[in-house]
Amino acid sequence: MAPNDSVFSLVTADPGLPRPNPTESYWQHIPHPLADVRSSKLPTDRDFAIIGSGITGLSVARSLLERHPTATVTVLEARALCSGATGRNGGQMAANAGEQYMNLAETHGVETAGKIVDFTFRNLEKMQELIEEYDAVELSEMQRLRKLRVFLTQGKFDDFKKSIARLEVDHPSKKGLYTILDADAVLTEYGIHGASGGALLPAGTVWPYRLVTKVFEALLEKYPGRLTIETHTPVESVEHISTLASSVMNIYPYTLRTPRGLLRARTVVHCANGYSGHLLPHLRGLVHPFKGTMTVQDPENAVPNQGTTVSWGFHYPPSYDPETQRLGYGLYYLGQSAKTGYFYFGGENTRLEESVSADDSYVADHSVDHLEIVLPRFFGKNDRSNWRLISSWSGIMGYSSDGLPMVGRLSPKLTGREGDGEWIAAAFNGYGMANSLMSGEALALMILGEDAKSFRKQKVGLAGNRTPDHSHAKGVLYH
């Protein structure tokens with residue numbers, strides 16, 4: 001099969017439900033007391049049913065509960081609480097709008113591209129504010145620091161500098177947001193080898209699982225009669241009941257089938273990210289899963305601990321080798337624990353069918369080996385024998401055909417069902433921490449009929465206006 005045919009087949013496949021036996025994420029190695037929380041009996045007749053318990057589902061639930069005085073909300077999770085992308089990611093709070101700016105400006109215009117930049121950086125600030133609001137700074141080991149983007153080829157560095165230069169010309173207020181470094185500065189000031197150049201930008205790191213579970217715990221205490229969380233309750237199907245049915249069915253027209261029984265709801269919110277295509281077959285190809293590999297490695301004092309000052313991203317041209325059929329993702333992401341010195345290092349270099357996959361029940365040995373070999377070299381260490389592997393796991397991200405998040409109302413054309421009460425926030429393209437929180441808040445505003453246009457100039461894609469033509473699907477920006 002030709003590569004293009006292979007890609008099309010993979011991105012349009014049914015991702016299925018989250019696998020019941022995922023690899024163990026280091027973030028979750030000490031489960032929260034609510035990890036397996038659920039009601040003794042599945043509730044029904046709920047105003048809002050939210051599918052997914054990551055940062056996006058949390059954000060939607062929190063916003064609905066805070067803004068609607070009587071709304072009842074049920075969060076449904078196929079596995080343990082926060083066991084999807086949020087609980088399996090790299091712990092990075094970093095935006096990528098700067099390196100994307102050139103393409104965004106040419107595709108969507110200067111004004112919208114500037115709003116996207118504003119949105120992602122504001123989202124990171126809101127993440128930090130959320131952590132502080134719930135007194136989770138120490139618990140989540142949150143650090144405010146700078147991200148060092150390292151470019152491993154001159155071409156990638158030149159493209160980045162052009163994008164930042166265009167950003168600063170189009171939006172003079174953004175001057176100084178990025179600090180460009182030459183290769184010598186990257187080496188002498190930060191000890192990173194093999195760079196053609198780099199750049200610094202505001203960012204942060206966090207233990208995401210601890211944040212999400214703590215906020216859910218607080219919401220359950222604050223709204224005991226209005227919020228329920230149902231873990232180990234996968235939604236197998238969503239059905240819409242005709243308006244000719246009984247009055248109760250008219251009030252709660254959606255039926256969600258689960259192994260524990262049926263749940264009727266007024267509104268359904270899809271926050272399942274890379275798994276969205278399972279319950280929404282018409283989204284397959286518009287949204288698809290992408291599997292990443294994460295490791296925790298202990299350098300055992302071989303390099304200084306910079307966990308309070310900097311995190312890293314290593315950029316290289318994405319690659320595909322037809323002989324080995326291995327895909328080089330184009331990015332490695334790295335953070336360091338200020339407490340233990342452990343490196344949290346992720347990226348992907350593996351076979352295409354292992355990358356475009358929703359199966360996180362295993363982590364490929366060769367992917368882990370690759371990360372063990374690559375990381376020490378960035379610090380000038382060619383022998384990995386002293387770098388202890390603490391943990392490795394895989395996680396499923398959600399990607400879109402046009403590189404933009406999908407946030408908004410789902411039309412009947414996309415759901416395949418009658419009714420206009422289904423909504424979605426998904427496909428953050430590997431940058432959920434820079435998009436999810438405010439996307440969830442914006443979606444809640446839309447659902448409640450409030451003015452999302454004035455919501456801090458954020459960018460969200462209107463799901464109802466997406467085309468199902470996979471060859472040229474483009475998002476429509478809400479601004």
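This is a predicted model: local features need pLDDT of at least 70, side-chain atom pairs count only at pLDDT 80 or more; totals for chains, interfaces and linings use all residues.

I started with Cys271. Its sulfur sits 13 Å from the closest cysteine sulfur, the one in Cys82, and that is too far for a bond. For a disulfide, the two sulfur atoms would have to be within 2.5 Å.

Cys82 is in none either, with the sulfur of Cys271 as its nearest cysteine sulfur, 13 Å away.

Next entry: are these two cysteines buried or exposed? Cys82 is buried, because its relative accessible area is 1%. Cys271 comes out at 10%, so Cys271 counts as buried too. The cut-off I used for buried is under 20%.

On to the empty space. Rolling a water-sized probe over the atoms shows where empty space is left. How many cavities of 30 Å³ or more does a search of the whole structure find? It finds two.

I wrote down its lining: Lys291, Thr293, Glu348, Thr350, Glu354, Tyr362, Ala364 and Ser367. Two strands turn up in that lining with at least two residues each, namely β11 (287–298) and β15 (343–351).

Last, I sorted the lining of this second largest cavity by class. I got three charged residues, three polar and two nonpolar. Among the lining residues are Lys291, Glu348 and Glu354, and Lys and Glu count as charged. Tyr362 and Ala364 are also on the list, and Tyr and Ala count as nonpolar.

Definitions and conventions
Residues are numbered from 1 along each chain as its sequence is written. Side-chain values use heavy atoms; hydrogens and water are left out. Buried means under 20% relative accessible area, exposed over 50%, partly exposed in between (1.4 Å probe, protein chains only). On a 1 Å grid over the protein atoms alone, a cavity is a set of points where a 1.4 Å probe fits but cannot get out, and a pocket is an open set with protein on both sides within 12 Å along at least five of seven lines; lining residues have an atom within 4 Å of a point. Grid points are joined across faces, edges and corners, and a volume is the space filled by probe spheres set on the points. Helices (H or I, at least four residues) and strands (E, at least two) are DSSP runs, numbered from the N terminus.
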